[in-house]
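Here's a quick tour of a model, taken one region at a time. Keep the structure open as you read.

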Amino acid sequence: MEFVLVQNPASFQLNIDHLDPDTEQILFAVGSDVRDPSYFWPVDTSGLGRVDIVSGSKADELALQLSYDNVQIGRIEHDLGKAVDEFLAMPEPSRGVKTVIFSADSMRRTRAHLGLSAVEAPE
């Protein structure tokens, strides 16, 4: 599994551009740390092609931006813990690794959900 942290438009673009264009499974989660989701819009996400699950408190805004870039979206799951569990339960990709792209808030919540952090994820 690969975890990709995006913190601002520049890191967002660089990290998206760095991904293998044939990445098969992507979970994209953006949380409450992104107060102004307009920072998504200058980023060209079209290279993603498809995102299996969009999650986090800003999931709807992210899904809108992705759809404008013609990125196919499998589904939106607002509950990040449920999204992570369902993503992990998907069959292994035929090549490469499962990829989680997230903002800092969603990263902390994902780590806590997976037991990778001493801090509990709030309900």
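## An exposed proline

P21 counts as exposed because its relative accessibility is 63%; exposed means over 50%, buried under 20%, and partly exposed in between, using a 1.4 Å probe and protein chains only. You'll find P21 in the loop between α1 (9-18) and β2. Its C-alpha atom sits 17 Å from that of E92, and the two residues are 71 apart along the chain.

A word on ground rules: this is a predicted model, where local features need pLDDT of at least 70 and side-chain atom pairs count only at pLDDT 80 or more, while totals for chains, interfaces and linings use all residues. Residues are numbered from 1 along each chain as its sequence is written, and side-chain values use heavy atoms, leaving out hydrogens and water. Helices (H or I, at least four residues) and strands (E, at least two) are DSSP runs numbered from the N terminus.

## The sheet

Five strands make an open, parallel sheet, ordered β1-β5-β2-β3-β4; strands pair if DSSP finds at least two bridges between them. β1 and β4 (72-77) are the edge strands, each with a single partner, so one side of each has no neighbour in the sheet. From one strand to the next, the twist averages 20°.

Zoom in on β2 and β5, and you'll see a parallel pairing over four bridges. L27 has V100 in β5 as its bridge partner.

α4 lies across β1, β2 and β5, running at about 130° to β5. Angles run from 0 to 180 degrees between N-to-C directions, with axes fitted to C-alpha atoms (for helices, over the stretch in contact). A104, D105, S106, T110 and A112 are the buried residues of α4, and they pack against β1 (2-5), β2 (26-29), α3 and β5 (99-102).

α3 (residues 80-89) and α4 (residues 104-113) pack at about 65°, their axes 10 Å apart. On the α3 side, L80, G81, V84 and D85 meet S106, R109, T110 and H113 of α4, contact being heavy atoms within 4.5 Å. Just after α4, G115 has a positive phi of about 75°.

## The core

The largest nonpolar core has 20 residues, of which F12, F28, L48, V51, L66 and I101 touch the most other members. Such a core joins buried Ala, Val, Leu, Ile, Met, Phe, Trp, Tyr and Cys residues through side-chain atoms within 4.5 Å. α2 contributes the most to this core, at four residues.
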